[in-house]
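Biologist: I'm new to this one and would like a guided tour. Could you show it to me and then take my questions one at a time?

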Amino acid sequence: MKKPTFNNGDVEADVIVVGSGVVGALVANQLVAAGHSVVMLEAGPRLKRSEVVQNWRNASFERRLGSDFQGPYPQSPHATAPLYFPANDYVALTGPDASSFRQGFIKAVGGTTWHWAASCWRHLPVDFKMKSAYGVGRDWPIAYADIESYYCRAEEALGVSGPNDPQRQSPRERSRPYVADMIPWGHGDSTFAEVVNPHGYNLVPIPQGRTIQPWNERPACCGNNNCQPICPIGAMYNGIHTVDAAEKKGAVVLEEAVVYRIDTDAQNTVTAVHWYDRDRVSHKATGRQFVIACNALETPRLLLLAANEQNPTGIANGSDQVGRNMMDHSGFHCSFIADRPIWLGRGPAQSSCMVGPRDGSFRADYSANKIILNNISRVPVATQQALALGLVGDALDAEIRRRAVYGVDLSISLEPLPDPTNRLTLSTSRVDGLGLACPDIHYSLGDYARKGYDKACEQLRHIGSLFNAEEFNITTALNANNHIMGSTIMGSDPRDSVVDENCRAHDHANLWLPGGSAMVSASVVNSTLTMAALGLKTADAIERAL
Amino acid sequence: MALFAACRRSDTSAAGTQPGSNQKPDAAPSAADAAADASFLAVSSALTGKHDLDPYVSGRIRAAMAVHEPATTATLDALQRLAGTVDSPEQFIAIPAVRDAALAIVAAWYTGTVGKGTEAVTVAYRDALMQRPVADGIFPATYAKGGPAWWVAAPPPAVAAR
């Protein structure tokens with residue numbers, strides 16, 4: 001087995017992977033299994049699951065109510081990620097919808113899938129052809145058929161339980177069954193389906209990165225209802241599972257290693273990356289193939305920071321598209337008190353979702369949406385509301401129970417289009433703990449998604465009426481969903497795209513940028529499975545190149 | 001260029017050492033402390049209508065309020081005097097002079113938190129009173145005890161049996 005070689009703090013390996021989240025880990029794991037030497041450079045620290053669980057248990061009521069999923073995660077002073085309680089303003093946001101782009105992500109070994117809901121959706125075939133089919137956005141340079149086998153492999157890598165009944169699949173086009181059948185529904189999911197499905201909303205089981213039997217050294221899901229911010233037992237897929245697998249095979253992970261510089265030669269081939277260790281000493285990693293998978297905010301930030309003489313506007317940026325076309329599933333919530341018990345909070349955080357509004361000819365005109373039944377316990381919200389009524393004693397307990405049992409929260413996702421003015425640039429006034437420029441992001445939701453919001457509200461009011469909803473509320477301020485996409489966009493034309501169909505940078509033959517940043521269309525579904533599929537496709541291409 | 005002051009460890013990493021941690025107190029309390037704790041526990045029972053309150057949580061709430069809620073703490077003597085004269089939590093909070101302090105103590109027991117913002121002290125989570133009203137159907141997050149797929153079973157009736 002080939003291993004990386006160290007020399008005076010510098011390292012050499014066949015493949016250098018920057019970023020140890022799900023995408024970087026999948027690439028590293030496949031390449032080390034194929035016999036290549038692999039180094040992973042991770043800006044943040046290693047984490048202890050038990051410490052994060054204890055931090056969350058000790059979180060204040062206010063932070064729990066505010067869903068402070070970033071707070072429980074320790075950060076290295078040299079690798080800052082956004083915090084919101086209070087805000088650390090690592091990212092400066094501007095634009096009409098700045099507050100809708102307040103992202104959360106984790107800089108630590110294993111990446112952001114430490115705190116996700118493990119929803120593992122595929123794009124629809126038509127999502128790859130938004131321009132051809134609907135006249136909006138861009139077409140991917142690949143079709144669903146080109147990525148389908150990678151979706152299968154990604155589902156296998158993440159251990160995805162999904163509905164094998166085609167009537168409940170979205171999309172139905174698939175060449176292999178799921179690793180395991182769907183995560184079974186609880187009372188809330190089934191009740192909701194009985195009410196809304198006769199009206200065409202198509203509440204279906206969400207394919208999830210967890211199983212109800214032990215699988216691949218992970219325990220069965222035991223419904224701790226704490227997927228975000230952390231699964232206390234490691235049943236839910238986290239990127240750390242793949243990092244651990246890669247390390248066991250001989251991949252070397254260097255934590256608290258912040259890459260800041262990328263060297264290129266006369267052919268614009270990448271020859272090395274440089275990183276700062278925790279003592280701010282600089283080291284060099286040389287290799288034959290380089291992967292940057294730091295998420296769609298940090299990857300373009302690094303490419304811009306690493307601008308050099310040969311690439312003055314940033315690495316891989318001949319198109320001027322690095323940092324542009326930033327997308328997320330800007331979203332909002334709808335809450336109400338239903339006329340029948342729902343009992344949210346039993347089981348995993350998200351098990352069912354309305355995908356009826358996910359596609360249709362209307363997408364030529366306005367954004368699709370999806371509506372998740374947010375299965376997170378209503379106890380904190382119910383308690384806040386009941387206390388505000390000035391109740392005590394038995395009446396307080398009864399009201400908390402009523403609101404927790406009958407309360408509903410829906411999480412709605414919209415699909416913004418790729419807009420080059422939604423972009424990340426480097427701050428000229430703020431630097432991080434290493435003196436590296438912080439990111440600035442300009443974000444405007446756009447008319448397409450804004451009209452989609454209005455249409456979604458009509459649907460939500462109808463859904464509420466089906467439950468004789470009390471205290472019906474739709475949030476007007478949009479929230480981020482941490483599905484950052486588009487900032488090193490994929491395309492066949494190097495003049496208006498950053499990477500090709502294998503996420504290889506157009507400008508550098510041995511530089512690969514897999515993940516959310518390569519995605520061309522957001523669709524309305526969580527991006528992680530598509531990111532993982534792109535990572536595996538990239539890994540295949542790197543194997544051919546090595 | 002200005003350095004922005006956010007390069008710090010998350011403030012929860014030291015949570016285990018705060019008064020709200022899940023550790024039993026090390027030193028034996030003084031006689032005055034013990035009396036004050038007993039009094040606070042009695043007031044809390046009268047305000048919540050519950051007589052199985054955890055004395056350790058009670059001590060943590062009292063200590064955290066001494067720091068973060070001076071107005072409530074200043075009202076404790078009055079609350080203690082009144083505790084023996086009321087028959088229910090509703091009667092207790094109906095007394096205008098102590099209403100705010102009374103509701104603050106109830107909120108601390110139910111939410112498991114005293115104080116706000118970065119000053120907030122977590123005094124309980126699993127044992128916070130907010131968990132009790134639905135304890136027959138929902139586990140506090142991270143404390144599931146039902147095993148794989150427990151949630152498939154039918155939930156209890158919406159109105160709790162008494």
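Biologist: Let's begin with a pair of helices: at what angle do the axes of helix H1 and helix H6 of chain B cross?

Modeller: Keep in mind that this is a predicted model. In chain B, helix H1 covers residues 31–48 and helix H6 covers residues 99–111; their axes come within 10 Å and cross at roughly 90°. An angle between 65 and 115 degrees counts as roughly perpendicular, so that is the word for H1(B) and H6(B).

Biologist: Which residues in H1(B) and H6(B) meet there?

Modeller: From H1(B) come B:Val43, B:Ser44, B:Leu47 and B:Thr48, and they meet B:Ala102, B:Ile105, B:Val106 and B:Trp109 of H6(B). Sorted by class, the contact of H1(B) with H6(B) has six nonpolar residues, two polar ones and no charged ones.

Biologist: And how does H1(B) pack with helix H2 of chain B?

Modeller: H2(B) spans residues 55–68, and the two helices pack at an angle of about 100° with their axes 9 Å apart. That makes H1(B) roughly perpendicular to H2(B) as well. On the H1(B) side the contact uses B:Ala36, B:Asp37, B:Phe40, B:Leu41 and B:Ser44, while H2(B) brings B:Pro55, B:Ser58, B:Gly59 and B:Arg62. Here the classes come out as four nonpolar, three polar and two charged residues. Notice that B:Ser44 turns up in the contact with H6(B) and again in the contact with H2(B).

Biologist: Let's move to where the chains touch. How many residues of chain B are in contact with chain A?

Modeller: There are 54 residues of chain B in contact with 58 residues of chain A. To read such a surface, ask which elements supply it. Strand E1 (2–3), H1, helix H5 (89–93) and H6 of chain B each give at least two residues to the side that touches chain A. H6(B) has the largest share, with five residues. By class, that side of chain B holds 31 nonpolar, 18 polar and five charged residues.

Biologist: How confident is the predictor in all this?

Modeller: For the complex, the predictor gives an ipTM of 0.95 and a pTM of 0.95. Chain B averages a pLDDT of 86, and 81% of its residues score at least 70. Look out for residues 1–22 of chain B, though: the pLDDT there is below 50, even though this stretch has 48 contacts in the model beyond near neighbours in sequence. Where pLDDT is low, the predicted coordinates should not be read in detail.

Biologist: Now chain A. In what order do the strands of the five-stranded open sheet run?

Modeller: The order is E1-E2-E12-E11-E10, and the pairing is mixed. To find the edges, look for strands that pair on one side only: here they are strand E1 (5–7) and strand E10 (258–264) of chain A. Neighbouring strands are turned by 20° against each other on average, direction ignored. One residue pair to look for is A:Val258, which stands opposite A:Tyr276 in E11(A).

Biologist: What is the pairing in the six-stranded open sheet of chain A?

Modeller: That sheet is antiparallel, in the order E8-E15-E16-E17-E14-E20. Its edge strands are E8 (203–205) and E20 (470–474) of chain A. Three bridges join E8(A) to strand E15 (residues 350–354), with A:Val204 partnered by A:Cys353 in E15(A). Helix H6 (residues 187–196) of chain A packs on this sheet, touching E8, E15 and strand E16 (369–374); the direction of the helix makes about 10° with that of E15(A).

Key
Residues are numbered from 1 along each chain as its sequence is written. Chains are lettered from A and ligands numbered from 1 in the order in which they are written. This is a predicted model: local features need pLDDT of at least 70, side-chain atom pairs count only at pLDDT 80 or more; totals for chains, interfaces and linings use all residues. Two strands pair if DSSP finds at least two bridges between them. Helices (H or I, at least four residues) and strands (E, at least two) are DSSP runs, numbered from the N terminus. Axes are lines fitted to C-alpha atoms, for helices over the stretch in contact, and angles run from 0 to 180 degrees between N-to-C directions. Angles under 35 degrees count as roughly parallel, over 145 as roughly antiparallel, 65 to 115 as roughly perpendicular and the rest as oblique. Two residues are in contact if their C-beta atoms, placed from the backbone, lie within 7 Å. Ala, Val, Leu, Ile, Met, Phe, Trp, Tyr, Cys and Pro count as nonpolar, Asp, Glu, Lys and Arg as charged, and the others, Gly among them, as polar. pLDDT is the predictor's confidence in each residue, from 0 to 100.
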